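Subject: A structure for you to look at

Hi,

Here is the structure I promised to pass on. Have a look at it first, then read my notes below.

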Amino acid sequence: MLKVDLHCHSNVSDGVLAPAAVAQHARKAGVDVWALTDHDEVGGIPAARVAAQEQGMRFVTGVEISITWANETVHIVGLQIDEKNAGLVNGLARTRSGRDNRGREIANQLAKVGVMGAYEGALKYVGNPDLMSRTHFARYLVEIGACANIPDVFKKYLSEGKPGYVPHCWASLADSVNWIRGAGGVAVIAHPGRYKFSQLAQGQLFDEFKQLGGTAIEVVTGSHTPEQYVVYAQLANSYGFLASRGTDFHAPGESRVDFALLPPLPASVTPVWHDWF
């Protein structure tokens with residue numbers, strides 16, 4: 001059975017390792033098929049492709065697009081994309097715009113509760129100046145001892161209703177699916193169990209996604225519990241979605257589940273990669 005990981009990040013977005021180092025880490029953990037899915041950015045794909053080939057892995061081009069749906073941030077993964085497609089590249093550029101201004105406002109909000117120098121502190125962790133994110137601020141807050149770990153930072157400072165939370169209006173669901181499909185790719189809802197939607201709202205998201213041409217949902221991911229693997233396998237079959245799998249890896253020791261520990265997809269689902277190889 002192929003070990004497939006179709007969701008992870010490098011320092012081109014909010015990961016810590018360079019694309020080649022992520023490839024090495026994945027291969028060492030036994031990954032056979034690997035996709036780099038940086039946030040709103042495809043700049044790491046050329047280096048990732050070369051590294052995957054050097055490591056003996058099959059490579060899948062990918063991206064993770066931030067969207068706003070029902071006033072919440074949702075992530076849509078695109079797989080098997082043409083990373084040079086003009087519609088996708090231009091759409092991602094528009095999506096990235098405004099991140100620096102949001103970063104400065106996050107720093108202003110944190111300063112009001114006594115966390116000083118957060119913008120400069122977060123900037124130390126940024127590999128791509130266009131992609132400052134909340135994760136970069138979280139790493140700085142852990143560094144200075146404001147919290148013990150990154151999940152604690154989000155609970156205390158960077159989630160909705162907490163100091164340091166600054167909303168951002170991303171692309172629409174239709175935009176993301178259209179960009180991915182226009183680039184020849186397959187659209188996947190990332191870690192659906194992570195969003196705080198009611199069952200009704202989640203159903204509406206799935207319905208709209210399917211109507212737009214969305215193909216799959218992540219079933220086994222570092223953001224899901226073992227119980228959710230079962231729930232989302234059932235939902236994938238119920239809605240006629242293919243199933244995807246990925247750690248959502250960001251850094252060794254930082255991600256919820258490393259490459260070696262993520263279980264395979266349940267036998268009841270059809271993998272999104274079932275006809276790729």
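Let's begin with charge: the protein chain carries 24 positive and 27 negative side chains, and the centres of these two sets are 2 Å apart. Before you go on, keep in mind that this is a predicted model.

Now the overall picture. You'll find 10 helices and seven strands in the protein chain. Its radius of gyration is 18 Å, close to the 19 Å from the globule rule for 277 residues, so the chain is as compact as a globular protein of that length. Along its principal axes, the C-alpha trace spans about 55 × 45 × 40 Å.

What share of the 277 residues is buried? Buried residues make up 54% of them. The chain exposes about 11,800 Å², and carbon and sulfur atoms supply 50% of that area. If you take the contacts between residues at least 6 apart in sequence, 71% of them join residues at least 24 apart.

Start with α1, which covers residues 19-28 and has Pro19, Val22, Ala23 and Ala26 buried. Looking down the axis of α1, you'd see these buried residues fall within an arc of 100°, so they line one face of the helix. There's a handy rule behind such patterns: an α-helix has 3.6 residues a turn, so residues three or four places apart point the same way. And what covers the buried residues of α1? The cover includes β2 (33-36) and α2 (45-55). After α1 comes Gly30, with a positive phi near 95°.

That brings us to α2, where the buried residues are Ile45, Ala48, Ala51 and Ala52. Down the axis of α2, they fall within an arc of 125°, so here too the buried residues line one face of the helix. Gln53 and Glu54, on the other side of α2, are exposed. The buried residues of α2 pack against α1, β2 and β3. Just after α2 sits Gly56, which takes a positive phi of about 80°.

Both of those positive phi values belong to glycines, but I also found some elsewhere. For background, most residues other than glycine have a negative phi. Ala70 isn't a glycine, yet its phi is positive, about 55°. Ala70 is also exposed, with a relative accessible area of 51%.

Then there's Gln80, in the loop between β4 and α3 (86-96). Its phi is near 60°, a positive value in a residue other than glycine. Is Gln80 buried, exposed or partly exposed? With a relative accessible area of 31%, Gln80 is partly exposed.

One last stop: Thr221, in strand β6 (residues 216-221). Thr221 has a relative accessible area of 0%, and buried means under 20%, so Thr221 counts as buried. Which residues is Thr221 in contact with, leaving aside its neighbours within four places in sequence? They are His191, Tyr229, Gly246, Asp248 and Leu262.

Notes: Residues numbered from 1 in each chain as written. Predicted model: local features only at pLDDT ≥ 70, side-chain atom pairs only at ≥ 80, totals over all residues. Heavy atoms only, no water. Helix = DSSP H or I, 4+ residues; strand = E, 2+ residues; numbered from the N terminus. Rg over C-alpha atoms; globule rule 2.2 N^0.38 Å. Buried < 20%, exposed > 50% of the residue type's maximum accessible area, 1.4 Å probe, protein only. Contact = heavy atoms within 4.5 Å. Areas by Shrake-Rupley, 256 points an atom, 1.4 Å probe, with all protein chains shown as cover. Lys, Arg positive; Asp, Glu negative; His and termini not counted. Charge placed at Lys NZ, Arg CZ, Asp CG, Glu CD. Arc of directions from axis to C-beta.
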